[in-house]
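Hi everyone, thanks for having me. Today I'd like to walk you through a pair of helices and then some aromatic rings.

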Amino acid sequence: HGKRQKRGNSTLFTARHVAEIHRDARIEQTLKQADLMAELSVVFQPIIDVSLNKTTGFEALARWNSSVLGHMSPAQFIPIAERAGIIGSLTKPLLKKALEAARKWPDAVRLSFNLSAQDLSSPEAVMTIIAIIETSGFDASRLDLEITETAFIHDTRQARQSVDLLKQIGCGISLDDFGTGYSSLTSLHSLPLTKIKIDHSFVRGIQNNPASEKIVRSVLTLSREMGLDAIVEGVETEEEMAFITHLGGNLVQGYLFSRPMKESAISDFLASETEIQPSYHRTA
Ligand code: C2E
Ligand code: MG
Ligand code: MG
Ligand code: MG
């Protein structure tokens, strides 16, 4: 009976696996045939300095409303585009749209944009990105490019050269999803980083999780000593925020403050923040 149950489970797993492969193949085909300039858009989530009650910038996040499949999540279609080797054809329209929106923001407000490993994996790919930035009219020194450690697994030398070029034109470099990668400490001292983003998995329920607390405290200390800004991602509750404040974190992003919003909502968001600023002080 034990054996039979085991076989049953593995059959089920296989069936689900096959279904997933079919679905991913369909998404890949649809992406390849889509009018990406028309179907892709970007939404923006504020990055907030709670010590000043001020938005320091917005992270651009991709959205795809497929004419065939409807709304798809980037957590789903980005990895598929990466595996299919076509992420560059998404990066281009997404970056153009994000920069076009950010051009209208006040000078003090920065833009963060996510890059994939392949965007750094050849001189051509990175030159395409640089050309888009330089023709956009948005000052590169107000742009932070978010990369993950996985970008450096396959071709460290080329990825490193690409990051150096982007840094040279004035962009900031943020290490995204920090703590979930392979060689976090190596990346910290070998890359020309300006910011670290602490992954949301360390934030969830941090007030009741001593292991997460130790990790977040250590990363905040480490980044301070290295002269890097640390952004805490995925803050959802007042309890999490109070605890992060207590650990010394001021730069945060998460549903507690705002979901990602459409470009058209940004000016009202910034205006309402200015109004409440003098009387509003978040307390730990
Ligand atoms: P990421 O760069 O780490 O972005 C943060 C993700 O966390 C976003 O999901 C955001 O909506 C979500 N998030 C923000 N606050 C909270 C919170 O309080 N709680 C929870 N549970 N989640 C929160 P999203 O928009 O679904 O994007 C998922 C991932 O897809 C991104 O993770 C990034 O890796 C990738 N991605 C998104 N847009 C782009 C893009 O334009 N280019 C590339 N290459 N990747 C992108
Ligand atoms: Mg990101
Ligand atoms: Mg992240
Ligand atoms: Mg991510």
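So, the axes of helix H4 (residues 87-102) and helix H5 (residues 123-136) come within 10 Å and cross at roughly 20°. Helices here are DSSP runs of H or I with at least four residues, strands are E runs of at least two, and both are numbered from the N terminus. Axes are lines fitted to C-alpha atoms, for helices over the stretch in contact, with angles from 0 to 180 degrees between N-to-C directions. That makes H4 and H5 roughly parallel (angles under 35 degrees).

Who touches whom? Thr-91, Lys-92, Leu-95, Lys-96 and Leu-99 in H4 meet Thr-128, Ile-129, Ile-132, Ile-133 and Ser-136 in H5, where contact means heavy atoms within 4.5 Å.

A quick word on ground rules: this is a predicted model, where local features need pLDDT of at least 70, side-chain atom pairs need 80 or more, and totals for chains, interfaces and linings use all residues. Residues are numbered from 1 along each chain as written, chains are lettered from A and ligands numbered from 1 in written order, and side-chain values use heavy atoms, leaving out hydrogens and water.

Now the rings: there are 4 aromatic pairs, meaning ring centres of Phe, Tyr or Trp (its six-membered ring) within 6.5 Å. In one of them, Phe-44 and Trp-105 have centres 5.3 Å apart and planes at 85°, so they're edge-to-face (over 60 degrees). Phe-44 is buried at 0% relative accessibility (buried is under 20%, with a 1.4 Å probe and protein chains only). Trp-105 is buried too, at 7%. Ring pairs join Phe-44, Phe-58, Trp-105 and Phe-269 into a cluster.

Conventions
Parallel < 35°, antiparallel > 145°, perpendicular 65-115°, else oblique. Phe/Tyr/Trp six-rings, centres within 6.5 Å; stacked < 30°, edge-to-face > 60°. Buried < 20%, exposed > 50% of the residue type's maximum accessible area, 1.4 Å probe, protein only.
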